[in-house]
Amino acid sequence: MKNKLLPIFIASIFIIVFILFYKGLQNTNIYTPETKTSNKIPSFKGDLFYSDETINSLNFFNSDKFYLLNVWSSWCVPCRKEHTFLMNFKESKKIEVVGINYKDKKINAANFLIELGNPYKKIIFDQDGIIAIEWGAYGVPETFLIKDRVIIKRYIGPLDEKTAKEIKSIIK
Amino acid sequence: MLYSSIGYYALVLGLGISLILVYFSIKNFQNSSTLNTKILSFTFLQFFLVVISFVCLIISFVLSDFSNETVFNNSHTTKPLFYKIAGTWGNHEGSLLLWLLVLTLFILIFFLKTKNQPLKYKLLTLIFQQIIIIGFFLFLIQTSNPFNFIFPTPEEGMGLNPILQDPALAIHPPILYLGYVGSSIIFSSALAATYLNLVSKVWASHIKKWIIASWVFLTLGILLGSIWAYYELGWGGFWFWDPVENVSLMPWLALTTLLHCIIVLEKKQVLTSWVIILSISTFTLSMCGTFLVRSGILNSVHTFANDPERGLFILVFLFSLIFISLFIFFFFHKSSPNNSNSFFWLSKEISIIINNWFMMYFLSVVLIGTIYPIFLEVLSSQKISVGPPFYHKLIIPFLIPFLMAMAIGPKLKWIKSNIVDKSYLALFFAISIVLSFLIVKKFSTNLLINTILVSSALYLFFMTLRDFFIRKYSNISQNIAHFGFSLLILSILLNNLFSSEIITNLKVGETFTSSKTKIVFKSINQKQEKNYKSIIANFSIENINEKIEDLSPELRIYNQPNIVTSEADIKTTLLLDKFIVINIVQNQDYFNVRYQVKPFMLWIWISVILISFGGLLSFFKREHEK
């Protein structure tokens, strides 16, 4: 009798361990760097993507709307995934999506936007990546939520359903 | 592009061959008494295909072919060639391919080297091993394909994490994997032997070579990782009880215990259950480690990419292996009648069993410390972090009897031994106590516990040292390994007791003065290297005895990806290490300077090398010399 109970006992312990690990997988704790919030936007100067017009930080965020500044690139794979979320914001009247095109080739970037649609009202063409550095971007993609020239939220990595929902609730 | 396709199809073919091999082996197992020669050729072919796939990945890295996603994510054109190649296994996908390469290599070696064992045993081992190999093939192809395309092809890659661009770390994964994967052979072979009821002296002496080899590689792999953490992470220590370190320590503890048990089994045909359970748990602990660090369930340097899908795959695979082995153990293992209950209390067998229980205790402490936070978070969504104090409190007191048993155990004889003529044991113990009291008294506040600790370590040290002179004919490899271990514990203890640290902020030209040391921040240089800019700070350190030493720690600002790393400058001497590291303080013109004096660091590394050397010696020892 004793010999038959032991395997069952051990097997059930392992089953419990399995369940705990399985549950543990669902709340993986991915480390994200401490995000700076409530900071003034940096001052910068750059060229627009489609018009070669030079802009600076003062005339770029000139309305009292929310701005969603997205750092992207045509060679960046996760940017493709998050693009649909940006497209969802295109029609919204409360928020304006603007972009920094980071270390890219113009023709590739233009093709990218033709293929997936263009959610951006304005795009800064940041060929050498200096403007992104001034923003303190960690990499592509990265997204800043801006209101009254102040960064209120920052998303490192691609946007997803959860973060898109959060942005929607903030701009309400 | 081309190499990626070749690599990918080689993998798919390799998986196909696994299935063919399983089919042939089962057929051969049922019908015939001679080995089907096709099996050997297919095993070779499989290895060859994985080699092709691995070489293709290396070529993609060397050519900086960014149409390959793995290369794009982990390489950069400006990276030195050495790190382009090392980058092949410095990421999740590539390291799994390396794992698979070693798996197929080892089963091939197993087949070529195993001559005198029954055919059925060989075939069954092959089948179990192929189950593991199939699991890894599926894992690789399904969730972590190293040959994914990206279109359009990016101009430039993302670069390899600079802290991984280091020679010690370039060879750390391959060495460690040799150890991990070696344990898979032990696992398969133990299951096969249990199923066929072959767990015997003959089997023990055959599998012992594999155990020793894996153990040596595992020890060296852990050592390399530890050395790297010491000078690259700049924390000024060699072991942090980080989950990642723990998951490599757990298989090591299990394997060390197994190593001792297999010796008993080889001599006396006892402890069979121990051997089987340890063989199973060594490999499952290695797999469990893979699960913990690769699934993203834990945070660590090794969390390459967080992907719950990957985690789920390894989890299911791991538990299938556990249940298969439990099934085989409970239904096929017949324990021999003369088991551990019948030992005489003062014998080598008992001392090894004592050793086993201590090791199991250490293993469970590490295991609980590593996975308990995960379980707690699941059950109560509370986050806790288990740090060094937990491990120190639970492990250190038990080190004392453990070290004592280790000093006396090897002196005992098999079966039965008596205490006559063992007065030197007490004599040495007295010497150790007096000596350590004198050492500890000068420096430490916590006199009693430290004296006992140091004296038990010293005791083992003297006992093993004595053996080098007296027991000329006997087990030299065991003696070297135990001597190394005593040296390791001794160095760690003294290192902990006598380390000192100064943390301060300094500008260029400033001087920091304390009662014993003067630190002068002399100047700063800049240098442009191929893939990073380096800032070198020059310090001179003056001791009480007016000995001046120049140290130049470095900050490296890598351009791709944009990361700053601090390179410590370490002056190593026979007795102590001087360690200095600087860090940037944001928006300030001074640097954060950390200066540490760490005694006996060199001896920690040397002693681990000694331990593995002991293992190596016993690996090459010929049969009749035992």
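This is a predicted model: local features need pLDDT of at least 70, side-chain atom pairs count only at pLDDT 80 or more; totals for chains, interfaces and linings use all residues.
## Two helices of chain B

The crossing of helices H15(B) and H16(B) is left-handed. H15 covers residues 447-470 of chain B and H16 covers residues 476-498 of chain B. The two helices pack at an angle of about 150 degrees, and their axes are 9 Å apart. Because angles over 145 degrees count as roughly antiparallel, H15(B) is roughly antiparallel to H16(B).

Which residues of H15(B) and H16(B) make the contact? On the H15(B) side they are B:Asn450, B:Leu453, B:Val454, B:Ala457, B:Leu458, B:Leu460, B:Phe461, B:Thr464, B:Leu465, B:Asp467 and B:Phe468. On the H16(B) side they are B:Asn479, B:His482, B:Phe483, B:Ser486, B:Leu487, B:Ile489, B:Leu490, B:Leu493 and B:Leu497. Sorted by class, this contact has 14 nonpolar, 5 polar and 1 charged residues.

## A residue in helix H8 of chain B

B:Leu220 lies in helix H8 of chain B, which spans residues 201-232. Is B:Leu220 buried or exposed? There are 23 other C-beta atoms within 10 Å of B:Leu220. A residue counts as buried if 20 or more lie within that distance, so B:Leu220 is buried.

Apart from neighbours within four places in sequence, B:Leu220 is in contact with B:Ile175 and B:Ser612. B:Ser75 is 145 residues from B:Leu220 in sequence, and the C-alpha atoms of these two residues are 27 Å apart in space.

## The sheet of chain A

In chain A, 8 strands form an open sheet with mixed pairing. The order of the strands is S1-S8-S7-S4-S5-S6-S2-S3. At the edges stand S1 (39-40) and S3 (54-56) of chain A. Each has a single partner strand, so one side of each is left without a neighbour in the sheet.

Within chain A, strand S5 (residues 95-102) pairs with strand S6 (residues 122-126) in the parallel sense, over 5 bridges. A:Asn101 stands opposite A:Phe125, a residue of S6(A). In a regular strand, side chains alternate between the two faces of the sheet.

## A hairpin in chain B

Strands S8 (residues 569-572) and S9 (residues 576-584) of chain B run antiparallel and are joined by 4 bridges. How many residues lie between S8(B) and S9(B) in the hairpin they form? There are 3 residues between these strands. B:Ile570 has B:Phe579 as its bridge partner in S9(B).

Technical notes: Residues are numbered from 1 along each chain as its sequence is written. Chains are lettered from A and ligands numbered from 1 in the order in which they are written. Axes are lines fitted to C-alpha atoms, for helices over the stretch in contact, and angles run from 0 to 180 degrees between N-to-C directions. Angles under 35 degrees count as roughly parallel, over 145 as roughly antiparallel, 65 to 115 as roughly perpendicular and the rest as oblique. A crossing is left-handed if the near helix is turned anticlockwise from the far one by less than a right angle, and right-handed if clockwise. Two residues are in contact if their C-beta atoms, placed from the backbone, lie within 7 Å. Ala, Val, Leu, Ile, Met, Phe, Trp, Tyr, Cys and Pro count as nonpolar, Asp, Glu, Lys and Arg as charged, and the others, Gly among them, as polar. A residue is buried if 20 or more other C-beta atoms lie within 10 Å of its own, exposed if 12 or fewer, and partly exposed in between; C-beta atoms are placed from the backbone. Two strands pair if DSSP finds at least two bridges between them.
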